[in-house]
Amino acid sequence: MDKSKRLFLKSKRSFRRCLPPIQSGDRIDYRNMSLISRFISEQGKILSRRVNRLTLKQQRLITIAIKQARILSSLPFLNNEKQFERSELTTRTTALRTRNK
């Protein structure tokens, strides 16, 4: 076979489809924190539908549940832990600089 024809042959590998992140028995609700926390990034942002592998209807229900949980304060709007650590470090370094002078 020519090299040019080999490029267009499809591989015969079988692939295994990933399991859906939400099973049929799971209830999408603002009280179900174990389910909701899977669809939020480390910074507290809602992950996109493409990343989550959700259907459009599921993504809508997840975003509504996350927003309800944020309003009822069971979920933070932002995750400020990293920013807090940085601000602590800057105050320490500025304090050390003033002592050295």
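Questions and answers on the model follow.

This is a predicted model, in which local features need pLDDT of at least 70 and side-chain atom pairs count only at pLDDT 80 or more, while totals for chains, interfaces and linings use all residues. Residues are numbered from 1 along each chain as its sequence is written, and side-chain values use heavy atoms, with hydrogens and water left out.

Reader: Which pattern does the protein chain follow along the sequence?
Author: Helices (H or I, at least four residues) and strands (E, at least two) are DSSP runs, numbered from the N terminus. The protein chain has five helices and zero strands. Read along the sequence, the pattern is α-α-α-α-α.

Reader: What percentage of the 101 residues in the protein chain is buried?
Author: Buried means under 20% relative accessible area, exposed over 50%, and partly exposed in between (1.4 Å probe, protein chains only). Among the 101 residues of the protein chain, the buried share is 19%.

Reader: Which residue forms a salt bridge with Asp-29?
Author: A salt bridge is a side-chain nitrogen of Lys or Arg within 4 Å of a carboxyl oxygen of Asp or Glu, and a search of the whole structure finds one. Asp-29 lies in the loop between α1 (3-6) and α2 (33-36), and Asp-29 is buried because its relative accessible area is 15%. The closest N and O atoms of the pair are 2.8 Å apart, and the partner of Asp-29 is Arg-31.

Reader: Is Arg-31 buried or exposed?
Author: The relative accessibility of Arg-31 is 61%. Arg-31 therefore counts as exposed.

Reader: Which residues does Asp-29 touch, not counting residues up to four places away in sequence?
Author: Contact means heavy atoms within 4.5 Å. With residues up to four places away in sequence not counted, Asp-29 touches Ile-36 and Ala-65.

Reader: What is the phi of Arg-53?
Author: Arg-53 is in the loop between α3 (49-52) and α4. Arg-53 is partly exposed, because its relative accessible area is 47%. Its phi is positive in a residue other than glycine, with a value near 60 degrees.

Reader: Where does Ser-73 lie?
Author: Ser-73 is not a glycine, yet has a positive phi of about 60 degrees. At 62% relative accessibility, Ser-73 counts as exposed. Ser-73 is placed in the loop between α4 and α5 (81-100).
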